[in-house]
Amino acid sequence: MVQKYEAELINLRRHFHRNPELGLEEFETSRFIRNYLEPLGYEIKGVDPTGLIAELPELRSRTRTVVLRAEMDGLPIQEKTGLAYASLRDGCMHACGHDAILASALILAKIISEEKEHFPVCVRFLFEPAEEIGEGTLRMLRAGALEDPVPDGFLMFHYAADQTYGMAVHEGQASAMISGMQITVDGKSSHWCQAEQGIDSIYGASLVCQAVHDLNETYVRKGPCIVGIGTVHGGNYPNIIADHVELTGGIRAAYEEDFYGMKNALEKELHRIEKQTGTHIRMVFPKDPILAFANDPEYTKIAAEVGRRIFKDRFLLEGEEELFLSGDNAYRYFQHTRGLFCVFLAAVPEKRYPLHHPCFVIDEKVLPDSVEALYEIIRSI
């Protein structure tokens with residue numbers, strides 16, 4: 001059914017890949033989507049500054065409504081794929097598959113518009129900005145994304161490059177609890193020729209990094225979890241003892257008890273390092289944590305039936321042991337309605353680069369089947 005749209009689907013994906021935009025700056029992307037959907041009959045509501053909510057008015061009389069989310073933003077990454085359709089914008093890349101998500105959502109919207117007389121479900125498309133920086137979901141919700149009426153279901157999907165062609169759905173919990181953290185280490189500045197008068201914050205920060213590393217190896221956990229440092233900044237001059245270091249990182253855990261267990265264990269280590277070094281160490285979490293969400297059991301069953309029919313033995317119904325430490329602000333949608341998260345496996349053999357990598361690529365062969373799977377799931381919810 002989707003095969004006749006395959007060329008357009010791939011062309012759309014490559015268009016978005018060439019033209020990524022960062023969160024809250026997706027003006028050209030938003031304009032392109034609006035210009036694509038309005039001739040198909042969609043009524044579109046703008047969400048400041050670049051988000052879109054789109055529906056076919058002919059389908060509002062249906063007894064069921066399903067919301068489908070498509071993320072719009074790219075990442076501040078310099079692309080190194082060497083693709084003929086690589087990003088045209090320096091320092092910006094679709095390294096998380098949002099280009100494929102947008103293309104799939106538009107083709108799905110086109111198919112539904114062509115079947116609007118008989119399509120059994122009202123589908124509300126959310127083109128969400130700023131997913132990568134955690135800003136988009138609240139903006140969409142405040143604009144009424146799940147109102148008038150409250151939908152019967154919420155559907156989101158990603159493309160992953162850890163396995164080749166296939167589809168995966170988690171049974172039960174489908175994401176992790178995550179939060180960014182900031183750690184500051186304050187010492188006392190002094191010239192190195194009078195080192196005894198200073199307190200070396202860089203040395204204290206090195207012990208913090210060591211403690212984080214060791215905690216990942218020693219913490220007794222219920223499930224997958226990790227704490228990590230991503231940036232370290234400190235010092236002003238080579239012959240001056242640094243009096244301030246800032247570290248940023250995060251905690252990720254499949255289970256809430258592990259999240260707080262690792263947080264508490266790290267706090268104890270920081271207190272120990274303070275006493276050892278004479279530094280003052282402070283750890284803060286600037287934002288509320290992103291909570292985990294779970295797939296609705298009925299929708300999981302529907303997805304499994306569709307997945308096995310389309311992807312055959314390349315469909316995976318995953319349990320707790322396969323939980324991946326990714327989080328998503330989409331948990332806020334799941335707080336309001338039943339939801340389903342599908343992952344389409346799209347690794348290119350010998351090029352299995354992880355998400356957010358400058359060489360991240362996906363196999364476009366999975367795109368038509370992923371659209372067909374979404375189409376069938378929506379019809380069945």
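**The lining and its strand**

Author: Met156, His158, Ser175, Phe293, Ser326, Gly327, Asp328 and Phe341 line the largest cavity. A cavity here is a set of points on a 1 Å grid over the protein atoms alone where a 1.4 Å probe fits but cannot get out, and lining residues have an atom within 4 Å of a point.

First, the ground rules. This is a predicted model, so local features need pLDDT of at least 70 and side-chain atom pairs count only at pLDDT 80 or more, while totals for chains, interfaces and linings use all residues. Residues are numbered from 1 along each chain as its sequence is written, and side-chain values use heavy atoms, without hydrogens or water.

About 30 Å³ of space lies in it. That volume is the space filled by probe spheres set on the points, with grid points joined across faces, edges and corners. The lining has three nonpolar, four polar and one charged residues. In this scheme Ala, Val, Leu, Ile, Met, Phe, Trp, Tyr, Cys and Pro are nonpolar, Asp, Glu, Lys and Arg are charged, and the others, Gly among them, are polar.

Now take Met156 and His158 from that list. Both sit on strand E5, residues 153-160. Strands are DSSP E runs of at least two residues, and helices are H or I runs of at least four, each numbered from the N terminus. Eight of the eight residues in E5 are buried, meaning under 20% relative accessible area with a 1.4 Å probe and protein chains only. In a regular strand, side chains alternate between the two faces of the sheet. Met156 and His158 point one way from E5, along with Phe154 and Ala160. Gly153, Leu155, Phe157 and Tyr159 point the other way.

E5 has neighbours. Strands pair if DSSP finds at least two bridges between them. E3 (residues 65-71) pairs with E5 in the parallel sense over three bridges. E14 (residues 339-345) runs parallel to E5, joined by seven bridges. His158, a lining residue, has Val343 of E14 as its bridge partner. Phe341, also in the lining, falls within the residue range of E14.

Step back to the chain. Its secondary structure comes to nine helices and 14 strands. Buried residues make up 52% of its 381 residues.

Note on methods: On a 1 Å grid over the protein atoms alone, a cavity is a set of points where a 1.4 Å probe fits but cannot get out, and a pocket is an open set with protein on both sides within 12 Å along at least five of seven lines; lining residues have an atom within 4 Å of a point. Buried means under 20% relative accessible area, exposed over 50%, partly exposed in between (1.4 Å probe, protein chains only).
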